[in-house]
Amino acid sequence: MPNSLRAAVIGVGSMGANHARVFARMPTTTLVAIADIDPHLRERVSRTYKANAYSDYREMIAQEKLDVVSVALPTNLHNQAAHDTMAAGIHSFVEKPLAESVASGRAMIDAAERYDVVLGVGHIERYNPAVIALKQRLDSDQLGRIYQIHARRIGPFPPRIQDVGVVFDLATHELNIMEYLTGSGIRSISAEVKRTLQNEHEDLVSGILRFDDDIVGVLDINWLTPTKIRQLSILGERGMFLINYLTQELWFYENRSAQDRWEGLATVSVSEGSVTKYELERVEPLRAELEAFVDAALNGYNGLVDGEEGVRAVYLAEQLLRASSERRVISLPPYVPIPSLQKDPVGYGTAR
Ligand SMILES: NC(=O)c1ccc[n+]([C@@H]2O[C@H](COP(=O)([O-])OP(=O)(O)OC[C@H]3O[C@@H](n4cnc5c(N)ncnc54)[C@H](O)[C@@H]3O)[C@@H](O)[C@H]2O)c1
């Protein structure tokens with residue numbers, strides 16, 4: 001492969017324009033082309049980054065000898081476009097949610113295998129420094145046993161999203177992060193959704209999860225709140241971690257009693273201890289994830305969030321919607337979260 005990979009973006013709307021900027025600025029890539037059906041966006045992004053513009057991405061694939069592509073189309077168009085890029089031997093990065101269904105997501109994984117290319121998925125929060133720092137602290141057992149993980153992702157409705165509801169669009173972020181951080185598979189799901197301002201899809205979901213390790217999960221996600229909040233807390237034996245995804249901040253609220261108990265001074269209880277805010281270097285998560293993608297394209301799999309993780313999040317989103325529509329608790333087959341060594345997709349579609 002050449003030193004600078006020939007990169008392109010399919011769909012340069014809200015997210016794709018950022019992919020174009022990052023590819024144009026990374027030393028390992030040259031943004032050579034973009035494709036979009038919207039002539040104004042096409043013209044603006046191609047002029048800004050001096051990239052060739054196409055209305056038909058298939059023509060771009062045929063003309064440009066591409067090495068890597070980002071697919072940032074509406075979700076229900078991901079599968080077809082990713083199939084077309086991968087069939088041309090191009091390493092492909094697909095925005096999250098990977099697909100509008102598990103079947104569609106699995107077709108993309110099969111295509112990546114058949115054409116021997118990297119398939120990356122845009123679970124951007126995995127590249128958020130606060131999430132990375134929290135994962136390291138959990139792995140070093142700072143929290144002890146985990147009791148609960150609670151995610152709040154609320155804000156106003158983005159009118160450009162028409163093809164999926166808030167479960168596919170936003171809950172997929174948290175479902176992926178929750179299994180990643182706890183290292184534990186979700187075993188049961190119950191949920192209530194509401195369709196309030198949107199005609200076709202839900203715009204609010206409240207979900208209750210149970211993980212293999214007996215951890216309780218809470219999802220509070222909507223497009224109805226007039227302020228944007230993106231927070232996750234993890235409560236455990238020795239205290240509580242709190243993340244603000246937006247500001248990339250991480251706090252630890254220590255349980256003073258757990259510390260005393262450790263030193264033989266107290267019985268089981270909970271009391272307020274010190275509060276620590278960790279110093280983290282801010283980075284652009286999109287840049288970090290596209291760097292990981294390009295590195296995987298050049299050097300092979302490196303922990304990049306891949307198709308299996310993407311389809312797992314889609315599967316869990318489907319089960320959330322099912323739990324709500326069937327008004328019952330859905331039990332899921334055992335699952336060991338990636339990145340562990342188990343990548344066996346057995347169990348998709350067999351939830352009870
Ligand atoms: N990782 C994240 O945090 C994050 C954030 C926002 C969006 N996204 C994802 O990115 C994807 C795109 O979302 P968005 O918010 O940028 O939407 P958007 O509507 O702003 O952009 C989509 C673009 O695709 C173009 N398009 C549609 N059909 C096309 C076709 N056949 N060929 C070429 N171009 C076509 C549209 O003209 C538009 O410019 C979605 O899957 C969304 O879930 C991810």
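This is a predicted model: local features need pLDDT of at least 70, side-chain atom pairs count only at pLDDT 80 or more; totals for chains, interfaces and linings use all residues.
**Reading helices and sheets**

User: Which residues of helix α3 are buried?
Analyst: Count neighbours. A residue is buried if 20 or more other C-beta atoms, placed from the backbone, lie within 10 Å of its own, exposed if 12 or fewer, and partly exposed in between. In α3 (residues 57-64), Tyr57, Met60, Ile61 and Glu64 are buried. They span an arc of only 100 degrees around the axis, so they sit on the same side of α3. The arc is that of the directions from the helix axis to the C-beta atoms. Glu59, Ala62 and Gln63, on the other side of α3, are exposed.

User: What do the buried residues of α3 pack against?
Analyst: Look for contacts (C-beta atoms, placed from the backbone, within 7 Å). The buried residues of α3 pack against β1 (5-10), β2 (29-35), β3 (52-54) and α4 (78-87). The helix lies across β1, β2 and β3, at about 145 degrees to β2. Axes are lines fitted to C-alpha atoms, for helices over the stretch in contact, and angles run from 0 to 180 degrees between N-to-C directions.

User: What is the strand order in the sheet of 6 strands?
Analyst: Strands of a sheet pair through backbone hydrogen bonds, either parallel or antiparallel. Here two strands pair if DSSP finds at least two bridges between them. The sheet is open, with parallel pairing, and its order is β3-β2-β1-β4-β5-β6. β3 and β6 (119-122) are the edges: each has a single partner strand, so one side of each lacks a neighbour in the sheet. From one strand to the next, the twist averages 25 degrees.

User: How many bridges join β5 to β6?
Analyst: Parallel strands β5 (residues 91-95) and β6 share 4 bridges. Valine 94 faces valine 121 in β6.

User: Is valine 68 buried or exposed?
Analyst: Valine 68 belongs to strand β4 (residues 68-71). It has 27 C-beta neighbours inside 10 Å, so valine 68 counts as buried. Setting aside residues up to four places away in sequence, valine 68 touches Leu5, Ala7, Thr29, Ile90, His91, Phe93, Val294 and Ala297.

User: What is the order of the sheet of 9 strands?
Analyst: This open sheet reads β14-β13-β12-β11-β7-β10-β9-β8-β15, with mixed pairing. At its edges are β14 (272-277) and β15 (330-331), each with a single partner strand, so one side of each has no neighbour in the sheet.

User: Which helix packs on this sheet, touching β12 and β13?
Analyst: Helix α6 (residues 129-139) does, and its direction makes about 160 degrees with that of β12. Those two strands, β12 (residues 239-244) and β13 (residues 249-255), run antiparallel and are joined by 6 bridges. Methionine 240 has tyrosine 253 in β13 as its bridge partner.

User: How many bridges pair β9 with β10?
Analyst: β9 and β10 are antiparallel over 7 bridges. Arginine 210 has valine 216 in β10 as its bridge partner. Their hairpin has 4 residues between the strands, and aspartate 214 there takes a positive phi near 75 degrees. β8 and β9 also run antiparallel, joined by 8 bridges. In that pair, isoleucine 186 stands opposite phenylalanine 211 in β9.

User: At what angle do α7 and α10 cross?
Analyst: The axes of α7 (residues 166-182) and α10 (residues 307-326) cross at roughly 120 degrees, coming within 9 Å. Val167, Phe168, Ala171, Thr172, Leu175 and Asn176 in α7 meet a set in α10 including Ala313, Leu316 and Leu320. α7 also lies across β7 (146-156), β8 (186-194), β9 (204-211), β10 (216-222) and β11 (224-236), at about 155 degrees to β7.

User: Where do α1 and α9 make contact?
Analyst: The axes of α1 (residues 16-25) and α9 (residues 285-299) come within 10 Å and cross at roughly 65 degrees. Asn18, His19, Val22 and Phe23 of α1 make the contact with Leu286, Arg287 and Leu290 of α9.

Conventions: Residues are numbered from 1 along each chain as its sequence is written. Two residues are in contact if their C-beta atoms, placed from the backbone, lie within 7 Å.
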